[in-house]
Amino acid sequence: MIDMPTSQEVLVPLILTLKVAGWATVLATAAGIAIAFAVARLRFPGRELVDAMMTLPMVMPPTVLGYYLLVLVGRRGVIGEWLYDNLGISLVFTWQGAVIAAAVVAFPLVYKGARAAFEGVERQYEQAARVLGKSEFEVFIRVTLPLAWRGILAGAMLAFARALGEFGATLMVAGSIPGRTQTLSIAVYEAVQAGKDDVANFLVVVTSIVCISILLASGRLLQPRYAS
Amino acid sequence: MRIEVDIHKTLRSNGRDFTLDVKFACEDALGVVFGPSGAGKSLTLRAIAGLERPDYGRIVVGDKVLFDSMAGIDVRASERTIGYLFQDYALFPHLNVEENISFGAKRWWERRLPAEAARRVAELVDVFELRGLNKAYPAQLSGGQRQRVALARALIQRPHLLLLDEPFAALDPLLRGRMRTELVAIRSMFKVPMLAITHDPEDVSVLADTVILLNQGKVEKVVDVKSAPYRDGEGRVSEGSIRELLTGMDEVGPPPLPRKTIRAVK
């Protein structure tokens, strides 16, 4: 008889993964929109350098990113030390640390999507809004953002999918504590290592279904709209 | 109303320099800037609207100084209260007809239009014969309907001046005549001064009291066409004399591009 995996083995990592990936996507999307808008619309020296820096997490090995993050937010890290001394916060080996790791790794996907979306918004619509008496803020939230929204959302969904599968950087920063920082992809690794093939099979199928659904949905979002 | 324009701007693109050096004043409520493509008409219009910043100069509309490089004045486009009809109308594709028209009258935090603005939108929908199209999106409209929506959208903020960028170029020839007549009617109904740019002589005879002839970035002539020989005794436009005035102008091409080959020989 096959032993069904217990909820402790499947449900707990699944919920934790969705929580981590969800928060990571929120952070990455907020930062992605702001930076992509600046790069797409403002002319400043070093613009292309900023663009390259923002894309870096996509090509760097996640373990290297994780190491950098430890240097930054670890107990003795530049930011981490300040956080611990002043606020008593330690991100290492917590689910919040996993969120930071996943957000950094997933960020380029939202950023790239948002930049392309902003660049695809015709300037004339923004100018029309300005001539109609609208401030730059109002032009952004009533014209630029709604016209770029689908592209940004498609990027955010890819980022979510990427965050779901994050392994390397998360392991470096948050470790693999069952029920606290052990996300799906790490749980799969641990299950295989421990020879629990039935648990691994189940986790793999669940992960695959979630990822495929997201890809299909983001593909639909990128289809052209407003065509005449 | 008086429009005073005296602007200078040098543009550099692909190694080609274009210098706009435009100076004219227009007292009439109907002005037309006429010239071949590449003469700097659009640039002039955009500068008046505040969408382009001249290198130096001065722009006055009515009693309001909108730009004066000497005095350091550069009123933002959003604060000029000037209507602008874009050549292809630039209707917001994500908003329906009603939302497009009310765009200028609604603030971002308001979920619904203030009653006064809503009345005005309804009025404009009526005037521009857009009833039944309130919920239609720009992509679903014909060329003439798009132009009407764009005009209504521009007029809702009661502009001091309406700028028209090649107002009929995007329409098919059959529709053009009808929309010209419509525009003249709109103009007398709303009493808004208009300044249009065009390279179509027909637009001049319908829309102009004053013609500003522009070529290669410079004003060649400013002609008052309100009286003889351009109007007959009853005030009708004499097409012949307008054509004569514009002869040659519409055939002048843009300034020749500097040849890369010539530079290579040097």
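Strands count as paired when DSSP finds at least two bridges between them. Arg12(B) has Asp17(B) in strand 2 as its bridge partner.

A word on conventions: residues are numbered from 1 along each chain as its sequence is written, while chains are lettered from A and ligands numbered from 1 in the order in which they are written. Because the model is predicted, local features need pLDDT of at least 70 and side-chain atom pairs count only at pLDDT 80 or more, whereas totals for chains, interfaces and linings use all residues.

## Chain B as a whole

Chain B has eight helices and eleven strands. Of its 266 residues, 39% are buried, where buried means that 20 or more other C-beta atoms lie within 10 Å of the residue's own, exposed means 12 or fewer, and partly exposed is in between, with C-beta atoms placed from the backbone. Among contacts in chain B with a separation of 6 or more, 68% are between residues 24 or more positions apart; a contact requires C-beta atoms, placed from the backbone, within 7 Å.

Helix 1 of chain B (residues 41-49) has eight of its nine residues buried, so the rest of the structure largely encloses this helix. Among the buried residues are Lys41(B), Arg46(B) and Ile48(B). After helix 1 comes Gly50(B), with a positive phi near 90°.

Tyr89(B) is not a glycine, yet its phi is positive, near 75°. Tyr89(B) sits in the loop between strand 7 (82-85) and helix 2 (97-102) of chain B, and counts as buried because it has 23 C-beta neighbours inside 10 Å.

Gln216(B), also not a glycine, has a positive phi of about 45°. The loop between strand 10 (210-215) and strand 11 (218-224) of chain B holds Gln216(B). With 18 C-beta neighbours inside 10 Å, Gln216(B) counts as partly exposed.

## Helices of chain A

Helix 5 (residues 95-119) and helix 7 (residues 136-164) of chain A pack at an angle of about 155°, with their axes 8 Å apart. Axes are lines fitted to C-alpha atoms, for helices over the stretch in contact, and angles run from 0 to 180 degrees between N-to-C directions. Helix 5 and helix 7 of chain A are therefore roughly antiparallel (over 145 degrees; under 35 is roughly parallel, 65 to 115 roughly perpendicular and the rest oblique). Their contact has 16 nonpolar, four polar and two charged residues. Here Ala, Val, Leu, Ile, Met, Phe, Trp, Tyr, Cys and Pro count as nonpolar, Asp, Glu, Lys and Arg as charged, and the others, Gly among them, as polar.

Helix 4 of chain A (residues 78-87) is hardly covered, with one buried residue among its ten. Just after helix 4 of chain A, Gly88(A) has a positive phi of about 70°.

## Where the chains meet

The contact takes 17 residues from chain B and 19 residues from chain A. The side of chain B that touches chain A has twelve nonpolar, five polar and no charged residues.

How values were computed: Helix = DSSP H or I, 4+ residues; strand = E, 2+ residues; numbered from the N terminus. Contact = placed C-beta atoms within 7 Å.
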